[in-house]
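This report examines selected features of one protein model. Please consult the sequence and the structure shown below while reading.

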Amino acid sequence: MTGHSEKAYADSLPHSVWPADWIRRSEPAAAASLGISLYDLMQRAGQAAYALARNAYPSRDHWLVLCGHGNNGGDGYVVARLAKAAGVQVTLIACDGARPLPPEAAGGDILPASSRWPASVSLIIDGLLGTGLGSAPRAPYDALIEAANRHSAPVVALDIPSGLLAESGAAPGAVVRAAHTVTFIGLKPGLLTGQARDWVGQLHQNALGLSGWLAKQPEQIQRLTAEVLPRWLHPRRPCAHKGEHGRLLLVGGDRGFGGAIRMAAEAALRSGVGLVRVLTHMEHVAPLLAARPELMAQALDEATLRQAMQWADVLVIGPGLGQAEWGKNALNVLQTSDKPALWDADALNLLALNPEKRQNRVMTPHPGEAARLLSCSTADIESDRLLAVRKLTARYGGVAVLKGAGTLIADEQGQMAIADVGNAGMASGGMGDVLSGIIGGLLAQKLSLYDAACAGCVVHGAAGDRVAERQGTRGMLATDLLPDILHFVNPEWAK
């Protein structure tokens, strides 16, 4: 399918995300709220998946339905029955231990897992493994997953691509690469973070008639997109002046690293902060002022830093800071302040050497920095990003932003959000510096730590997506985002 026709079938996804184990535990109560059985709920799931597959691929006339032994396989049987009734040729692969085929699904070819696939298969339905998976798929599932990935036919996954972990988005073994995934009842975290974007394809959600029931449940995790920015970013009153919009101090840019602090400072300006002051290495002052005269820039020394800390409402430290004495001394002085602060890059690497907890800080680590902060490996972080971001707030306090595909934001009180924005073009140097500047600028405009982190991540990712729409992802630069930041911090103008 082309990108255009895929978008034609895209759903409007909800902004709530629910732990997969919570959804599984809640299914009986959810079904009871409608006066239906779990079997009826399975029928609804199969119908939803069949409708999506039929609409997305109307000309595919031989469907291969892969069924495991759990509820996911049951959904697959329903899809097979409906497809067969509609005149589609159906071949069903049933793994050992799979539930017996319902009588009404009879008529298609039913083969064991070891069978050779018919040459005419043109669409694959993945009903092998569902949201209860907690480890790498074992035989025969791993072989079937690899065979599906080698096949030229597109795959529609039921609930989640088989092999992807629904709680974390980790991929410990073989994973089905889906063209479309239709998930049931509610969104699960593993569809939005971790390795999800490599496997999920176009994501759809069908609540199976349970939207009203879900709306009455306590929200678990927020899914953030540009649509929610008006929650935090309101039009300014006509008589506003720069003093109302905050004074931000950025500290960093040791010798040879002036670009990082400049990008952070420019992003802060674009976020709408009133005044931005930069303390950096002497060699960067003149180039920075020449490039962006709206900034106030000075050489960093202890006296100037202490004076600037008194002047500022919010502090940002880390971009280009380095881990030499120059950076260490600056961080030691800044730690004496109780003003809201954002720590990034080498400020976090230095924090990992001397851990301390505080409630006035936003931390923005990438997985490598998070691993150092938690004394573990990057693989440990990526194996369960939700657990990692909770550990960061528990150990260090404040708000943690764990960057990556599906950036996570969490605070000590248990709030958590997934920023469902951004793209692979943003995997380039300087993007984190731009994010630090945006969040710091929003903090200076009096957003709370958590709200500034959430809004900043959305503005950053949405700006990157706008750049990608205009010119593609390969070769995207962090500074390419700067004009588009302006668009998203003024959501009343965004169309």
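## Residues with a positive phi

In this predicted model, serine 375 counts as exposed, because its relative accessibility is 65% and the term applies over 50%. Serine 375 is located in the loop that joins helix 13 (367–373) and helix 14 (378–383). The backbone here deserves attention: serine 375 is not a glycine, yet its phi is positive, at about 55 degrees.

Alanine 345 also has a positive phi, near 55 degrees, and is likewise a residue other than glycine. Its place is the loop between strand 14 (341–343) and helix 12 (346–353). Is alanine 345 buried or exposed? Alanine 345 counts as buried, because its relative accessibility is 16% and the limit for a buried residue is under 20%.

## A cis peptide bond

Another backbone feature concerns a proline. The peptide bond that leads from alanine 139 to proline 140 is cis, and its omega is near 0 degrees. Proline 140 belongs to the loop between strand 5 (123–127) and helix 5 (141–150).

How many disulfides does the structure hold? The number is zero. A disulfide is a covalent bond between the sulfur atoms of two cysteines.

Cysteine 454 is buried, with a relative accessible area of 0%, whereas cysteine 239 is exposed, with a relative accessible area of 59%.

Glycine 76 is part of helix 4 (residues 71–85). With a relative accessibility of 0%, glycine 76 counts as buried. When its neighbours within four places in sequence are left aside, the residues in contact with glycine 76 are Val65, Cys67 and Leu158.

The crossing of helix 3 past helix 4 is right-handed. On the side of helix 3, the residues that take part are Met42, Gln43, Ala45, Gly46, Gln47, Ala49 and Tyr50, and they meet Gly74, Asp75, Val78, Val79, Arg81, Leu82 and Ala83 in helix 4. By class, the residues of this contact are eight nonpolar, four polar and two charged.

## Two further helix pairs

Helix 8 (residues 258–271) and helix 16 (residues 431–444) have axes that come within 7 Å and cross at roughly 40 degrees. These two helices are therefore oblique to each other, and helix 8 passes helix 16 in a right-handed crossing. Which residues of helix 8 meet helix 16? They are Ala260, Met263, Ala264, Ala267, Ala268 and Ser271, and their partners in helix 16 are Asp433, Val434, Gly437, Ile438, Gly441 and Leu442. The contact of helix 8 with helix 16 divides into eight nonpolar residues, three polar residues and one charged residue.

For helix 10 (residues 302–311) and helix 11 (residues 325–334), the axes come within 10 Å and the crossing angle is roughly 35 degrees. Helix 10 passes helix 11 in a right-handed crossing. In helix 10, Glu302, Leu305, Arg306 and Met309 meet Ala330, Val333 and Leu334 of helix 11. This contact has five nonpolar and two charged residues, with no polar residues.

## Leucine 111 in strand 4

Leucine 111 is found in strand 4 (residues 109–112). Its relative accessibility is 25%, so leucine 111 counts as partly exposed. Apart from neighbours within four places in sequence, leucine 111 is in contact with Thr91, Leu92, Ile93, Ala94 and Arg116. One of these residues, isoleucine 93, is 18 residues apart from leucine 111 in sequence and 4.9 Å apart in space, C-alpha to C-alpha.

Notes. Residues numbered from 1 in each chain as written. Predicted model: local features only at pLDDT ≥ 70, side-chain atom pairs only at ≥ 80, totals over all residues. Heavy atoms only, no water. Disulfide = S-S within 2.5 Å. Buried < 20%, exposed > 50% of the residue type's maximum accessible area, 1.4 Å probe, protein only. Helix = DSSP H or I, 4+ residues; strand = E, 2+ residues; numbered from the N terminus. Contact = heavy atoms within 4.5 Å. Left-handed = near helix turned anticlockwise from the far one by under 90°. Nonpolar A, V, L, I, M, F, W, Y, C, P; charged D, E, K, R; others polar. Axes fitted to C-alpha atoms, helices over the stretch in contact; angles between N-to-C directions. Parallel < 35°, antiparallel > 145°, perpendicular 65-115°, else oblique.
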